[in-house]
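Open the model in your viewer and keep the selection tool at hand. The tour goes stop by stop.

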Amino acid sequence: MPNCGKNAEVQPAVAAEIAAQLAAGEHAICGVMIESNLLGGAQDYRARPLVYGRSVTDPCLSLEKTIPVLANLAAAVRARRTRS
């Protein structure tokens, strides 16, 4: 299974690979995890002031970049359903 290695910016490419597998009819994949928040990246939880919408844990993909990833995955699931 592909992995982004804690690099949030790699998530769209990894998700595209998963989407291709789904669209091809793969049934072993039942979920994905996307690190996403309103704003991309991460911030130190000790920093003040904290930036609203930015992770204080792992780096995340911004919402702006997450939406097309989710749309691509949804299209792949629809394609898989028509193959079944």
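The stops below cover a helix pair, one arginine and the salt bridges. Keep in mind that this is a predicted model.

**Stop 1: the helix pair**

Select residues 11-23, helix α1. How do the two axes cross? They come within 8 Å and cross at roughly 10 degrees. Angles under 35 degrees count as roughly parallel, so α1 and α2 are roughly parallel to each other.

Now show the side chains where the helices meet. On the α1 side, pick Pro12, Ala15, Ala16, Ile18, Ala19, Leu22 and Ala23. On the α2 side, pick Val69, Asn72, Leu73, Ala76, Val77, Ala79, Arg80 and Arg83. Colour this contact by class: 12 residues are nonpolar, one is polar and two are charged.

**Stop 2: Arg80**

Is Arg80 buried or exposed? Arg80 is buried, yet has no salt bridge. The nearest side chain of opposite charge belongs to Glu26, 6.7 Å away. A salt bridge needs nitrogen and oxygen within 4 Å, so at 6.7 Å Glu26 does not pair with Arg80.

Next, select what Arg80 touches. Leaving out residues up to four places away in sequence, pick Leu22, Ala23, Gly25, Glu26, His27 and Ile29.

**Stop 3: the salt bridges**

How many salt bridges does the structure hold? There are three. Visit each in turn.

- Select Lys65 and Glu9. Their closest N and O atoms are 2.8 Å apart. Lys65 lies in helix α2 and Glu9 in the segment before α1, so the pair ties together parts that are 56 residues apart in sequence. Lys65 is partly exposed, with a relative accessible area of 38%. Glu9 is partly exposed too, at 45%.
- Select Asp58 and Lys6. Their side chains meet at 3.4 Å, N to O. This pair also links distant parts of the chain, 52 residues apart. Asp58 sits in the loop between β1 (36-37) and β2 (61-62), while Lys6 is in the segment before α1. Asp58 counts as partly exposed, at 27% relative accessibility. Lys6 counts as exposed, at 63%.
- Select Asp44 and Arg46. Their side chains meet at 2.8 Å, N to O. Asp44 is partly exposed, at 36% relative accessibility. Arg46 is exposed, with a relative accessible area of 58%.

Definitions and conventions: Residues are numbered from 1 along each chain as its sequence is written. This is a predicted model: local features need pLDDT of at least 70, side-chain atom pairs count only at pLDDT 80 or more; totals for chains, interfaces and linings use all residues. Side-chain values use heavy atoms; hydrogens and water are left out. Buried means under 20% relative accessible area, exposed over 50%, partly exposed in between (1.4 Å probe, protein chains only). Lys and Arg count as positive and Asp and Glu as negative; His and the chain ends are not counted. Contact means heavy atoms within 4.5 Å. Axes are lines fitted to C-alpha atoms, for helices over the stretch in contact, and angles run from 0 to 180 degrees between N-to-C directions. Helices (H or I, at least four residues) and strands (E, at least two) are DSSP runs, numbered from the N terminus. Angles under 35 degrees count as roughly parallel, over 145 as roughly antiparallel, 65 to 115 as roughly perpendicular and the rest as oblique. Ala, Val, Leu, Ile, Met, Phe, Trp, Tyr, Cys and Pro count as nonpolar, Asp, Glu, Lys and Arg as charged, and the others, Gly among them, as polar.
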